[in-house]
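Dear colleague,

I am handing over the structure that we talked about, and below it you will find my notes. Please read them with the model open beside you.

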Amino acid sequence: MGTGLGALAAAGPLLNANKAFAAREKELNILCWEGYNSAQVLDPFRSKTGATVKAESLTNDPTMINRLRAGEINTWDLINVNNPWARKVMLPEKLIKPLPKAEFEPFFANMLPQFKAPYKWAMSEDGKDLIGMVQRFGPYSFVVNTDKISRKTAEDTGWDLFNDPALAGKYGILESDDWNVFNIFIVAGIDPFKVHTPEEMTKFEETAKRVFKGAKLIGDIASMNQALISGEIDLHLTGGTYSVSPARADGHPNLRAITPLKGPLAGGKGGISWIEVTSTVNNPNLSPLAVEFLKYVQAPDVAHTVAFAEGTFNPVAQMGNKACFDLFTKDELDAIQWDSLEEEMARSVEYDIVPDYDKALDLMNAAKRMRG
């Protein structure tokens with residue numbers, strides 16, 4: 001009898017865990033950048049699995065990660081953020097868990113050359129674990145209306161455009177905290193991705209005040225593109241293929257994402273690129289659909305849908321697979337500036353973490369408030 005009761009007691013937590021796990025077999029929650037929350041991407045997966053899929057999109061990585069830290073590790077199954085966070089922050093903090101390598105590594109063979117396995121940002125620092133899958137990527141610096149500022153001028157002058165008093169009142173700022181911090185540093189002639197001296201932080205603060213004061217408007221992607229089309233602004237910072245592609249697809253090829261030829265970044269590079277990594281959250285009751293969804297978005301047709309999901313249009317790593325690449329029309333390739341993508345990525349350093357980000361963000365937010 002004793003044994004029986006003991007066995008039952010031991011089985012209790014197990015039965016509860018199984019119940020919780022079973023309850024999540026038809027549920028998937030995704031915390032992501034815009035695009036993965038699109039019905040075009042999610043509806044076919046919902047139909048295929050009969051699952052309830054919820055996706056929430058935000059516009060900066062630190063906020064998403066802070067939500068996991070604050071206890072939402074129990075809510076989300078997948079998190080989709082820019083390249084350094086999985087490897088440098090989320091895995092060490094046990095916010096995400098590695099993927100089954102044997103199941104997922106073969107997908108990298110069908111990706112563009114720069115993403116072939118072992119791809120740095122998809123691996124743990126020690127190179128042992130596969131910690132996420134890559135898909136969308138692109139250069140992200142600023143956008144100009146080439147009818148007002150030629151591509152050549154923009155590439156040659158680079159970030160100094162935003163130091164030109166003649167352009168005050170003619171540019172916008174696309175709201176995205178982490179990217180705005182990067183950009184203010186670069187306009188100040190400082191590499192954002194290093195530890196900064198007090199003098200550099202003072203220069204950052206002065207630049208932030210001036211850049212925000214001179215901005216005609218601050219807003220989201222739709223309002224920036226609209227302001228460019230209407231002629232209200234000639235250029236805006238924090239922008240790239242990701243933000244301008246919908247306007248280009250709508251018949252405004254004169255609007256173009258620019259990657260400067262040179263700048264204060266490592267190696268004298270002028271721009272920053274991003275590569276999204278999607279990882280499984282270290283949720284104690286992780287939905288089994290998390291890994292299924294990661295496999296689903298690798299398929300050529302779904303990868304193309306992800307690239308052209310409503311909202312923003314982007315190149316995807318899966319374009320290395322001819323079956324995927326061939327799905328892109330000439331106009332779609334033009335919308336994502338495929339013609340110059342390789343050279344612009346080569347002129348960019350990869351998104352990284354600003355060591356004194358919190359301090360810089362406080363200074364920048366104070367500068368923004370001074371606009372009134």
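Helix α7, which spans residues 177-187, is mostly covered, since 10 of its 11 residues are buried, where buried means under 20% relative accessible area, exposed over 50% and partly exposed in between, with a 1.4 Å probe and protein chains only. Among the buried residues of α7 are W179, F182 and F185, and just after this helix G189 takes a positive phi of about 80 degrees. Helices here are DSSP runs of H or I with at least four residues, numbered from the N terminus.

This is a predicted model, in which local features need pLDDT of at least 70 and side-chain atom pairs count only at pLDDT 80 or more, whereas totals for chains, interfaces and linings use all residues. Residues are numbered from 1 along each chain as its sequence is written, and side-chain values use heavy atoms, with hydrogens and water left out.

A polar atom of the S245 side chain lies 2.8 Å from the backbone oxygen of T241. Leaving aside residues up to four places away in sequence, S245 touches G240, T312, F313 and A335, contact meaning heavy atoms within 4.5 Å.

As for disulfides, defined as pairs of cysteine sulfur atoms within 2.5 Å, the count is zero. The sulfur of C32 is too far for a bond, because the closest cysteine sulfur, in C324, is 19 Å away. C32 is buried, with a relative accessible area of 0%, and C324 is buried at 1%.

Best wishes

Note on methods:
Helices (H or I, at least four residues) and strands (E, at least two) are DSSP runs, numbered from the N terminus. A polar contact is a pair of N or O atoms within 3.5 Å; within protein, one must be able to donate a hydrogen and the other to accept it, and residues adjacent in sequence count only if both atoms are side-chain atoms.
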